[in-house]
Amino acid sequence: MRIKLILMLLLTSCLTWSQVNQNWKFKADSGIYSSPVVSVGQVYFGDKTGHFYALDKYSGKEKWRVELNGAIKSKPAIYKQIIIINDQSACITAMDKKTGEVVWQFNMDGEKQVDMWDYYLSSPTIDGDIVYVGSGGGHIYAINAESGNLNWKFKTDGPVHATPTIHQDVLLIGSFDGYFYALDKVTGKELWQFNTIGDKYFPKGAIQRAACIYNDKVIFGSRDYNIYALDIENGHGHWNYKEPGSWIIATPLLYDSTLYFGTSDTHRFYAMDAESGTIKWQLSLNMRTYGTALALNGRIYFGCFNGKIYGLNEENGAIEFVFQTDESKSNYANLFKSETSFADGVELYGPEARKVEEEILGLGAFLSSPIVDGDMLYIGDANGNFYGLRLD
């Protein structure tokens, strides 16, 4: 009884601290899967109905919004005085970041959602004056950031919803066809490709999100339950780690030679040595983590589908910070009986999988990746709430 009381007091203290640190909250028109970006006093993001917002980063007050033709499920990119975004109508739009006025648009070869867990689109990556981005039509594009004209495109055999990673003169990206590609960033010529191992139920080993770079390695997760580390020069394997029974969707955060990332169905969060693939520590949760974590002042912050943002001690994984949405607080017990297990009768992938998924999203699931600017953390949730949280 005494132990239960202590745990309740600790939980109450944590939640109170989280609420005090909420500087402001803005309500968008629909769910937010898009990750934000900050530039010159404003924070930018999009929502599922295609609205793209610019808010004052200090107050959360709306400065302007633009309605695009498709859901925005990607992170915007800044180039000089314009902001560039990809939406589900297969259109890349460049807007004046002060006013939202459209500067140019580029139409790609179509878009598609692979399944109900394909939550993201490829985010534009800027290198020099070129925008690199993938499409659901299977192409990878290089577009001139000034004019919106096409430089080159490269065809894969599956939707490309991963975000390109640029390393020196090489573009590195995966596709839902199960291949990871290295392309010459200037010409689009293929330098090498790597075919994921595949698994019985997911033989293609689809690659859903971006890779990260560590020394001579490019590192990414796959739907074949593996995280891979390949040689950047030739695509040969350095190591791989298999998480039986779970996709690895999240782009790993690389911080001080350690990889930090969450899993899908095993509901774990890992700290892993980037050189060897050896696990340093792990934390068991009750839901997925698809967003990329961030590191700040000895803590690793990330959002979870259960409607919580966690701040973990980078050395040992101890939970030091929790922020929970109001909807998650109200409905948490309907879905979870503990911090590591579902409530009785809740079946994640049963005959009512879509209904259960909607209930989980209704907690204010965090699919967006947090960003930090100064002492503020910014992130949106699946209910359309966008938060400005002050970090002590």
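## A walk through the strands and rings

Start by selecting Y260, which at 3% relative accessibility counts as buried. Before going further, keep in mind that this is a predicted model.

**Stop 1: a tilted ring pair.** Y260 and W281 form a tilted aromatic pair, with 6.0 Å from centre to centre and 45 degrees between the planes. Colour strand 23 (residues 258-262), which holds Y260, and strand 25 (residues 279-284), which holds W281; the pair therefore ties together parts that are 21 residues apart in sequence. W281 is buried too, with a relative accessible area of 9%.

**Stop 2: a stacked ring pair.** The structure holds 36 aromatic pairs. For a stacked one, select Y44 and F52: their ring centres are 6.3 Å apart and, because planes under 30 degrees apart count as stacked, their angle of 15 degrees puts the pair in that class. Y44 has a relative accessible area of 1% and is buried, while F52 is buried at 0%. While you are showing rings, display W24, F26, F45, Y53, Y378 and F386, which ring pairs link into a cluster.

**Stop 3: from Y44 to S39.** Keep Y44 on screen and select S39, whose contacts include Y44, I78 and K97, leaving aside residues up to four places away in sequence. S39 is in strand 2 (residues 37-39) and counts as buried at 10% relative accessibility. Zoom in on K97, where a polar contact of 2.8 Å joins its side chain to that of S39.

Stop 4: Now select residues 217-221, which make up strand 19. Here 5 of the 5 residues are buried, so the strand is largely enclosed by the rest of the structure. In a regular strand the side chains alternate between the two faces of the sheet.

Next, show strand 18 (residues 212-214), which runs antiparallel to strand 19 and is joined to it by 3 bridges. C212 stands opposite I219. The two strands form a hairpin with 2 residues between them, and N215 in the turn has a positive phi of about 50 degrees.

Then bring in strand 20 (residues 226-231), paired with strand 19 in the antiparallel sense over 5 bridges. Which residue in strand 20 is the bridge partner of I219? Look for A229. This hairpin has 4 residues between the strands, and Y225 takes a positive phi near 80 degrees.

**Stop 5: charges over rings.** Select R223 and W247: the charged end of R223 sits over the ring of W247, 3.8 Å from the ring centre. For another example, go to R288, which lies over the face of F305 at 4.9 Å from the ring centre.

**Stop 6: E320.** Select E320 in strand 29 (residues 319-324). Its relative accessible area is 32%, so E320 is partly exposed. A polar contact of 3.0 Å connects the side chains of E320 and R299. Y310 is 10 residues from E320 along the chain, and their C-alpha atoms are separated by 7.7 Å.

**Last stop: the annotated spans.** Residues 92-242 are 0% helix and 47% strand, with end C-alpha atoms 35 Å apart. Residues 245-319 are 0% helix and 47% strand, and the end C-alpha atoms of this span lie 25 Å apart.

Terms used
Residues numbered from 1 in each chain as written. Predicted model: local features only at pLDDT ≥ 70, side-chain atom pairs only at ≥ 80, totals over all residues. Heavy atoms only, no water. Phe/Tyr/Trp six-rings, centres within 6.5 Å; stacked < 30°, edge-to-face > 60°. Buried < 20%, exposed > 50% of the residue type's maximum accessible area, 1.4 Å probe, protein only. Lys NZ or Arg CZ within 6 Å of the ring centre and 35° of its normal. Polar contact = N/O pair within 3.5 Å; in protein donor to acceptor, adjacent residues only side chain to side chain. Contact = heavy atoms within 4.5 Å. Pairing = 2+ DSSP bridges.
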